[in-house]
Every structure is written in structure tokens, then in C-alpha cells.
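Open the model in your viewer and keep the selection panel at hand.

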Amino acid sequence: MTDRTRRDIPDPETLLTGLLACDGPGPRLSEIGRVAEIGDGIAIVAGLERALADEVLHFASGVRGIVLDVEPGRLGVVLLGASDRVTVGEVVQRSRKVASMPVGPGLLGRVVDALGLPLDGGGAPDAIASRPVEAEAPAILDRLPVTRPLQTGIKVIDAAVPIGLGQRELLIGDRRTGKTSLGVGAILNQRDTGVICIYCAIGQRGDAVARVIDTIRAGGMMDTTLVIAAGDEEAAGLAYLAPYAAMTVAEYFAGQARDVLVVLDDLTHHARSYRELSLLLRRPPGREAFPGDIFFVHARLLERGGQFAPKAGGGSITVLPVVETQAGNLSAYIPTNLISITDGQIYLSPRLVRKNLFPAVDLGVSVSRVGGKAQSPAFRAVAGNLRVTLSQFEELEEFGRFGTRLDDVTRARLARGAAIRGALRQGERDPMTALEQLAVLVVAVEGLFDGMDEATLFDAMDGLRGAMREGPGEIAGRLSGEAPLSEADRSHILDLARGLLEPEGGRGA
Ligand SMILES: Nc1ncnc2c1ncn2[C@@H]1O[C@H](COP(=O)(O)OP(=O)(O)O)[C@@H](O)[C@H]1O
Ligand SMILES: [Mg+2]
């Protein structure tokens, strides 16, 4: 400031910075603003001319907020607490900090909200640092290609839509098609893999989140899992922040060279929260009334996943974002955005749910664009023509329904297809080891399940899995290697299966 008369009056900003810098006792000066308007989940604040975008503000009522819009004389603020506690005219102060999330091993086993505050009745989580929830995604040179598999323990995925560590694979489908179940299933399979898991519930009812937590706990996975929950009754601002907070914690662990699996359940609710906030802040609505930057909101979130180079920590963040469709409409705005941002999608079809064919993965529309490279050769060999066999089978099945007289070859192909589709069925909370999966698939492809009814097939699969758990440990050892299943191992599995399926030669070979 060159003005002579103002020389001896310290500029308030300088004074404030000075006061904040010397962290001792003494008076603290801060700027003061007031609430000018209040809406559902948002507030318009006047007077904090120097507040920055993304800065946290403290309201006198104790509620916190984040600056989303900065306009002359007016701040659009998203509230991170109940808006009915805030009143017009209330004093608002700057914090000079952006929204941040505690990070550290102490968060594992905990249930927290989008700011890291405990929701499980425990004390504040043991954190070693607090990191901004918004962070720049790692640069291309800090990344490596996806090459290591993330086993989900779910046959149809590991075989036909394999996921690699560091991949972003969308779980997409109508409501109640099993999306949450798949995401949680993938978490349950990380028991002996050392992969750290984060389940982020966005806009879900409390009882639904409680069920997921119970499942994770019952599966013995809570010790290595963090649950972040932003329910639908709370402020939309927390729901908006939650997935970013999840990525921030994931980045901490990836920076320690750990592999992290993040399930974001779901981004439909996330987009809706953001739309609600944006409309209340009177931002111009675009397609489906979503604000114009919703693509960027999701892109910059999912860009934070990946396999990182050693100089960038060396860990990986695998992200399974969930998105809910309506009446199977994959071309709605948010689903198409997410399909284009991710490295593939797993589509769960209501048609399969109606036939009780769980997991309801529709292989015709599901792809994994990078996971194939990470799939182990043993799986690749068995799964190679699974997709083709199944789609041919479904075509034939349609014909079969017209009551056409079928020749023997067609009948045999129908039986094989039905057996393979049956073999891909799997219950919830029932992860399978790679060897168990492979054994079931090898036996199904070989035709040993042909013509079995449902109950017999399930018994046969159970028996086979039991035999694999007790039996050939040495095959399991070879599976993770670079070699495909050897002919000897394959016949070993088939012999075991024949022994189980044809007791005393009852069936006849
Ligand atoms: N593999 C499965 N086997 C049997 N039932 C399942 C399976 N996966 C999901 N379900 C059932 O389907 C219903 C919907 O599952 P959920 O994961 O909550 O769906 P979404 O998250 O898509 O709404 C639940 O009742 C669940 O028990
Ligand atoms: Mg769900």
C-alpha cells in the first residue's frame, strides 16, 4: 500500500496473517461475515470479501460450510450440517483452510462421516495427518499400466470381466439388481490379499449402511476396512464431499505402497446432491437439470484412482463406482458420463434378476477395458470363450422357446450353455478362491455339469469346492504364475470331479 496516510494503520490482512503465524496466546483478529440467505443445505454469506473457493467457514451456530461460489459481495456456501440450525444474520468466520479429512492407519475399522467425525460411537479416529479432500490427480508420468489382478472372488467377474489393481470399473444397474452386493463381495474377498478397503455410502438409508457394515464385520474384514457414510437425511454437502474424502484416505495408503479398493455406493445419489446444491445456489441447470460441471466433478474424482509408479508411492487405488439406472437406461446423462470416464462397466440386468440368476451380470453389455491384461493366464485360457458360448446359448434358448424340434447337436449345445450359465451362479457373501473358481469353470466347460438340475448342480459345485480346499494345494500355488493351467493339472481336476460326480459309476461315462 503506497498511500502515506494508511502506512501506520496495518492492513487487516497483513495483521491477520501475522497473528495467525505466531501461534501463541493473545487476541485473534478475523474477518466477519453474516448469513444473508438460507436455503435447504446452503447459505448465502455476505461480507467475507477475501474468502476463497473451497474454504471452510465457521457459522456461529456451530455448523460448518464450504464456499462453492465466489461472487462480488456474495458467497454461495454449502452447509455441512443441519441447515435449520443456521439463521439469517448469524455471524460467519473464515477458517483459512480447505475441507480436509483425517488420514492414517487408525481409520481402519471405523465408521466416519465425510469430515472424519466418528459415526460408530467411538472417539475421534487416531489420525496422523489431515489432508485436503480435493486433490490433484497424479500425473501420467506418476502412473503405471494396470498389470496385477484384483480377485473379487466372484466367478463371473474374475473369469469374464476381470478387474486389475488400479482399475476403475463401473457397477451399473437398476435398483435391487445386486450392485451393492457385488461391491461388498469384492471387499470380502480381500481377506488374505492385504488390500485395504474403503466403502463409501452416499445417500443411502441408515439401515442399508448398517447391513453392509454387519456383512463386512461378519466376513472378518472390518479391521482393514474404513466405512465413510453420508446418509440421505443429512446435509447434501456431506454427501457431495464423501467420495472425495474416501479418495483422500485411499491416497494416503497408496502413498505407503499399499493397494486400496474403494467402493463408491453410489454416484447417482452423489450427482443428485450436487444438483440440489447447484440449483439452490442458482447455478444454470443443464441436461436433466444437472449443472454443467457434473462431468468434471466425477472425472476429477475417478482420475485419482490408478496404479502409481514407485516415485509416487507405488501403491494402487482400484475404484468401483456404483451408478443406478432407471429401467435399464444406460444412456441417461450420469450413466453415460461415468461409462466414458471408467475403464469398463459391469452391467447388472433386471432380466437376469427376474430369472433369479445371481450375480445378474449381463456379459453382452459388460466389459473390462484394462483388466484382461492383469488376468492370470490360467483364467484367461478357461474364460476365453465363455462369453461367446453364453451369448450363442442365449440366442439358441430364444429359438428353443418356440417349441421348434431340435436336432441332437443343438440340444447338446443348449445343455452345455445352461450348465455353464448355472455354474456362474453364486450366492452373496460367498467369495471363492481362484482354484475353486477355476475348477468349477473347467468342469463346466468340459461338460460334466450338462443336463443337471439346479439342486444337483449346486451340490456338485459345493462338493468340488470342498475337494479343492482339501486337495491339490500345489495347483493353487501354480495358478498365480504366468503359466496357463497345465494339461496335468487340468486332468487332475477333471478326475477329481468325475470321482465326485459319478459315485460307483452310477451315471455311466
Ligand atoms: N448373488 C446373489 N444371490 C442371491 N441374492 C442376491 C445376490 N446378490 C444380490 N442379491 C439380492 O438382491 C437384492 C438386491 O441386492 P443389492 O445388492 O442391495 O442391490 P442394489 O445395490 O443394486 O440395489 C438383495 O435382496 C440381495 O439379497
Ligand atoms: Mg445398493
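At what angle do the axes of helix H11 and helix H12 cross? Select residues 386-400 for H11 and residues 408-423 for H12. This is a predicted model. The two axes cross at roughly 120° and come within 9 Å. Angles of 65 to 115 degrees count as roughly perpendicular and those over 145 as roughly antiparallel. H11 and H12 are therefore oblique to each other. Their crossing is left-handed.

Select 434-446, which is helix H13. The axes of H13 and H14 lie 9 Å apart, and the helices pack at an angle of about 135°. So H13 and H14 are also oblique to each other. The crossing of H13 and H14 is right-handed. Keep both helices displayed. H13 supplies at least two to the lining of the second largest pocket.

**The largest pocket**

Which residues sit closest to the centre of the largest pocket? Select Arg176, Gly178, Thr180, Ser181 and Glu428. The pocket around them holds about 1,300 Å³ of space. Its lining counts 43 residues.

Now colour by secondary structure. H3 gives the largest share, with 7 residues.

Switch to colouring by residue class. The lining of the largest pocket has 16 charged, 15 nonpolar and 12 polar residues. Then colour by domain. Domain 2 (101-374) and domain 3 (382-505) each contribute at least three residues to the lining.

**The second largest pocket**

Centre the view on Gln151, Asn189, Thr193, Thr433 and Ala434. These are the residues nearest the centre of the second largest pocket, out of 37 in its lining. The volume here is about 900 Å³.

Which elements each supply at least two residues of this lining? Strand E11 (149-150), H4, helix H10 (377-383), H13 and helix H15 (473-479) do. The largest share, 4 residues, comes from H10.

By class, the lining of the second largest pocket has 17 nonpolar, 12 polar and 8 charged residues. Domain 2 and domain 3 each give at least three residues to this lining.

Rolling a probe the size of a water molecule over the atoms shows where empty space is left. How many cavities of 30 Å³ or more does the structure hold? There are 2.

For the largest cavity, select Pro149, Leu150, Gln151, Asp158, Pro162, Ile163, Gln375 and Ser376. The space they line is about 50 Å³. By class, the lining divides into 4 nonpolar, 3 polar and 1 charged. Gln151 is one of the residues lining this cavity, and Gln151 is also among the residues nearest the centre of the second largest pocket.

For the second largest cavity, select Arg275, Ser278, Leu279, Arg283, Pro284, Pro285, Ala289, Phe290 and Pro291. About 30 Å³ of space lies inside. The lining here splits into 6 nonpolar, 1 polar and 2 charged residues. The tour ends here.

Methods. Residues numbered from 1 in each chain as written. Chains lettered and ligands numbered in written order. Predicted model: local features only at pLDDT ≥ 70, side-chain atom pairs only at ≥ 80, totals over all residues. Heavy atoms only, no water. 1 Å grid on protein atoms, 1.4 Å probe; cavity = no way out; pocket = protein on both sides within 12 Å on 5 of 7 lines; lining within 4 Å. Points joined across faces, edges and corners; volume = space filled by probe spheres on them. Nonpolar A, V, L, I, M, F, W, Y, C, P; charged D, E, K, R; others polar. Domains from an automatic or database assignment. Axes fitted to C-alpha atoms, helices over the stretch in contact; angles between N-to-C directions. Parallel < 35°, antiparallel > 145°, perpendicular 65-115°, else oblique. Left-handed = near helix turned anticlockwise from the far one by under 90°.
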